[in-house]
Amino acid sequence: MKKTMMLTLLIVITAGMIWFNWGLVRTGQNQPDSTFGTSGWQENRLIAHAFGGVNGASYTNSYEAFITNYNRGYRLFEVDLVQTTDGKLVARHDWSQKLQPDLATHRGRNVTKLQFANSLIMGRFRPLTLPDILQMMKQYPDFDLIVDTKAGSKEQIQQQFAHLVNEVRRTDPALLNRIIPEIFSPEMYDTVMGIHPFPNKIYSLYKTGASAESIVEFVRDKQLTAVAMPVYRVYLNPNLVPTLHKFGVKSYVHTVNSRPVMQILSRFGVHGFYTDQEKSPEELMLADAPPGHVEFSEYMSSGLVNIRNIVMKVRNNGYK
């Protein structure tokens, strides 16, 4: 118990240091002189994460997940793309054993597109390659797709997006208007936009430790209209979401599977959520929680709950 209290205190102190060092947008700085336009895909407040939850499973990026959640009413989807050893893009979050147990011995090091396509996800779901996904986009023309590529280096980013753009152009160039790349850094922005000037993109913060001010500056400079972030960013950057909101920039948070948490975060100004929830968008709609208004007590209460969850994760991983 004493160790848990000490760990909680340490996390609170660390959070406070982060708030003052890189968590705040200074008052009077970066005030909006105009608002940026938005496009139709941002009318969706809910994003089916990894094509959404299906039959109690998440992170499948599978055909069944897409069809199930499309039929539930989702029209904005996120997919994870990784590259096989023969240079093809396939829908998979990572190479962990539970997703495709029969490929476990490969550990992603020498999995080909054919091997991937012939291995069921969790033994029951159909895996998808990039051509499969593009055919689905042609068959179902009313959904948009956020792509989360797992490339690390500039060379990998160039290779993956060059392949992506070539495949799309070969299938139907118009689909490029419905593909929304997640951008993880200013450097990645320049690389991706040099390959193709995607009209829609989303700045994703889960790989960066950039300050709130630098995030706002980058969004203003590039006239981006959407930012995605982990839940903890809302608490550690307490005025980031409100500042983005002033510019007309939509904030999406991931991954949230609790409607009460969605309601609280929407009152902080959060526009939408990546989710694995196996419910329709109508069941999770947040019309009763207008964005942009939250009491300080609610902020602290929700923030402490988030800190408690961090503490429990640390304890469950053996750091007691």
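In these notes Ala, Val, Leu, Ile, Met, Phe, Trp, Tyr, Cys and Pro count as nonpolar, Asp, Glu, Lys and Arg as charged, and the others, Gly among them, as polar. This is a predicted model, in which local features need pLDDT of at least 70 and side-chain atom pairs count only at pLDDT 80 or more, while totals for chains, interfaces and linings use all residues. Residues are numbered from 1 along each chain as its sequence is written, and side-chain values use heavy atoms, with hydrogens and water left out.

1. The cavity. A search of the whole structure finds one cavity of 30 Å³ or more. A cavity here is a set of points, on a 1 Å grid over the protein atoms alone, where a 1.4 Å probe fits but cannot get out; lining residues have an atom within 4 Å of a point. The largest cavity holds about 30 Å³ of space, the volume being the space filled by probe spheres set on the points, with grid points joined across faces, edges and corners.

2. Its lining. The residues around the largest cavity are V79, L81, L130, I133, L134, L145, V147, L164 and I179. Two or more of them come from each of β2, α4 and β4 (144–149), and α4 gives the largest share, three residues. By class, the lining has nine nonpolar, no polar and no charged residues. Helices (H or I, at least four residues) and strands (E, at least two) are DSSP runs, numbered from the N terminus.

3. Strand β4. Six of the six residues of β4 are buried, meaning under 20% relative accessible area (1.4 Å probe, protein chains only). In a regular strand the side chains alternate between the two faces of the sheet. In β4, D144, I146 and D148 are buried on one side, and L145, V147 and T149 on the other.

4. Pairing of β4. Strands pair if DSSP finds at least two bridges between them. β2 and β4 run parallel and are joined by six bridges, with L81 partnered by T149. β4 also pairs in the parallel sense with strand β5 (residues 179–183), over three bridges; here L145 has I179 as its partner.

5. Helix α2. In helix α2 (residues 63–72) the buried residues are A65, F66, I67, N69 and Y70. Their cover includes β1 (46–48), β2 (76–83) and α4 (130–139), contact meaning heavy atoms within 4.5 Å.

Terms used
Buried < 20%, exposed > 50% of the residue type's maximum accessible area, 1.4 Å probe, protein only. 1 Å grid on protein atoms, 1.4 Å probe; cavity = no way out; pocket = protein on both sides within 12 Å on 5 of 7 lines; lining within 4 Å.
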